[in-house]
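Try each task before you read its solution.

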Amino acid sequence: MKTLTFLLAAGAAACGLAYAQSNHAPTAEEVKAQSSPTGPFGGFSDNKITFSQQGGEKIYQSLCQGCHMVNGQGAQGAGFYPALAKNPKLAAGAYPVIVVSRGLHGMPSFANRLTDEQIADVVNYVRTHFGNDYKDAVKPEDVKPMRPDAASFKDSWG
């Protein structure tokens, strides 16, 4: 079994070395195909990343839990990621909408990345999970007036 594993590993390494030494320069189409978004990214539009997830839980799992953690407990270490669990700042629905759409401290803005509906969905998810029990749902039409002015706003994504 060890010999078979060694032979498979050696063969894979030889193939990788042969490919790396080839003079093949990728075409623009190949580069574009290789850089096509996967995971949380829904697609590129005018060099802007947009997200395609629908529903608060899916959006949270894809975009938020990497920093705020699976159970919304937040984290400290290389950075500070505030806890969303049992967070009294979430009592007013406008607060998390503004934070998500405009960003705050180290958190990037998602105004140019998420729709009004997506922002409302993820805010409502966080406000009704992780020990939060805020029943007054945010609606997509509540999000629109809280978005930054698109003409003058440059988000933190570049």
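**Exercise 1: Arginine 127**

Leaving out neighbours up to four places away in sequence, arginine 127 is in contact (heavy atoms within 4.5 Å) with Leu90, Ala91, Ala92, Gly93, Pro96, Asn132, Asp133, Tyr134, Asp136 and Val138. This is a predicted model, in which local features need pLDDT of at least 70, side-chain atom pairs count only at pLDDT 80 or more, and totals for chains, interfaces and linings use all residues. Residues are numbered from 1 along each chain as its sequence is written, and side-chain values use heavy atoms, with hydrogens and water left out.

Task: is arginine 127 buried or exposed?

Solution. Start with the relative accessible area of arginine 127, which is 1%. Buried means under 20%, exposed over 50% and partly exposed in between (1.4 Å probe, protein chains only). Arginine 127 is therefore buried. Next, look at its side chain: a polar atom there lies 2.8 Å from the backbone oxygen of alanine 91.

**Exercise 2: The helix around it**

Task: check the span of helix α5, residues 116–127.

Solution. Helices are DSSP runs (H or I, at least four residues), numbered from the N terminus, and arginine 127 lies in α5. The expected span is 1.5 Å times one less than the number of residues. For the 12 residues of α5 this gives 16 Å, and the end C-alpha atoms are 16 Å apart, so the two agree.

**Exercise 3: Cover**

Task: how many of the 12 residues of α5 are buried?

Solution. Count along the helix: 10 are buried, so α5 is mostly covered. Among them are Ile119, Val123 and Val126.

Terms used: Helices (H or I, at least four residues) and strands (E, at least two) are DSSP runs, numbered from the N terminus. A polar contact is a pair of N or O atoms within 3.5 Å; within protein, one must be able to donate a hydrogen and the other to accept it, and residues adjacent in sequence count only if both atoms are side-chain atoms.
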